[in-house]
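Subject: Structure handover

Hello,

The structure I promised is below. My notes on what was found in it follow; please read them with the model open.

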Amino acid sequence: MNIFDKIIDLFLFRDGSDEDSRSTEPKVTVGSIVWGVMLRTTILLLVSTFLLYTMEYRHLWWFMLFGIWLLAIYPGWRQYHKFHERMKKFTEDTLCGSCKYFNSAGQLCKIYDEHVSTEHIPCDGQNWEPLSEE
Ligand code: SF4
C-alpha cells in the first residue's frame with residue numbers, strides 16, 4: 001500500500017473487515033484510528049479557523065467543536081468499536097490470540113515485530129507462551 005492510499009484510509013475512516021484478519025497489512029489498527037482522528041481534527045481546525053476568521057462568523061465557534069465531534073471523534077469511536085469486535089473474534093480464532101507476545105492493538109507479534117493474521121503465524125507456534133504466565 002503506498003503512502004497516498006494510507007492517507008486516504010486515515011482520512012476516510014475506511015472500515016476494517018474480516019479481510020484485515022487474514023492480512024499481514026491490516027488497514028485498521030488502534031494506531032491508524034488515532035492517526036485518523038488526529039488528521040481529521042487538524043484539517044477541521046485549520047479549515048474552520050480560516051472560515052471563522054475570514055467570514056466574520058466568530059460567534060459560531062461552537063460549530064467547530066460540533067464538527068470535530070461529528071466528523072472526527074465519533075467516526076473514530078465507531079471504528080474502534082468495530083475493530084474491538086473484530087479483535088475479539090481474532091483472538092478466539094488464532095493461536096496468537098492466546099499468546100503473551102500478542103499485541104491486539106496493532107495485530108502484532110511483539111517478538112517478531114510483525115503483523116500476524118489468521119493465515120500467517122510468524123513463529124509457527126514455536127515461541128507461543130500462554131497469557132497467564134505474563
Ligand atoms: S510468539 Fe508466535 S504465537 Fe506468540 S504472538 Fe508471536 S507469532 Fe504469535
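Helices (H or I, at least four residues) and strands (E, at least two) are DSSP runs, numbered from the N terminus. This is a predicted model: local features need pLDDT of at least 70, side-chain atom pairs count only at pLDDT 80 or more, and totals for chains, interfaces and linings use all residues. Residues are numbered from 1 along each chain as its sequence is written.

Overall layout

The protein has four helices and three strands. Along the sequence they follow the pattern α-α-α-α-β-β-β. Of its 134 residues, 18% count as buried. A residue is buried if 20 or more other C-beta atoms lie within 10 Å of its own, exposed if 12 or fewer, and partly exposed in between, with C-beta atoms placed from the backbone. Two residues are in contact if their C-beta atoms, placed from the backbone, lie within 7 Å. Among the contacts with a separation of 6 or more, 63% are between residues 24 or more positions apart.

The expected span of a helix is 1.5 Å times one less than its number of residues. Helix α3 has 25 residues, and its first and last C-alpha atoms are 36 Å apart, close to the expected 36 Å. Its buried residues include S32, I33, G36, V37 and R40. T42 also belongs to α3, but T42 is exposed because it has 11 other C-beta atoms within 10 Å. The C-alpha atoms of T42 and I68 are 9.2 Å apart, although the two residues are 26 apart in sequence. Just after α3, E56 has a positive phi of about 55 degrees.

Helix α4 covers residues 61-93; its 33 residues should span 48 Å, and the 47 Å between its end C-alpha atoms agrees with that. The buried residues of α4 are A72, Q79, F83, R86, M87 and F90. They pack against α2 (18-22) and α3 (30-54). Q79 counts as buried because it has 20 C-beta neighbours inside 10 Å. Its C-alpha atom is separated by 9.5 Å from that of T29, a residue 50 positions away along the chain.

The sheet

Strands of a sheet pair through backbone hydrogen bonds, either parallel or antiparallel. Here three strands form an open sheet in the order β1-β2-β3, with antiparallel pairing. β1 (102-103) and β3 (114-115) are the edge strands, each pairing on one side only. Two strands pair if DSSP finds at least two bridges between them. β1 and β2 (residues 108-109) run antiparallel and are joined by two bridges.

Most residues other than glycine have a negative phi. Which value does phi of Q107 take? Phi of Q107 is near 50 degrees, a positive value in a residue other than glycine. Q107 lies in the loop between β1 and β2. With 27 C-beta neighbours inside 10 Å, Q107 is therefore buried.

Phi of D113 is also positive, near 50 degrees. D113 sits in the loop between β2 and β3. Is D113 buried or exposed? D113 has 10 other C-beta atoms within 10 Å, so it is exposed. From the C-alpha atom of D113 to that of Y101, twelve residues away along the chain, the separation is 9.8 Å.

Around the ligand

A residue is near a molecule or strand if its C-beta atom, placed from the backbone, lies within 6 Å of it. There are 14 residues around the ligand, and C96, C99, C109, C123 and N127 come nearest. The shell divides into 13 nonpolar residues, one polar and no charged. In this count Ala, Val, Leu, Ile, Met, Phe, Trp, Tyr, Cys and Pro are nonpolar, Asp, Glu, Lys and Arg are charged, and the others, Gly among them, are polar.

Regards
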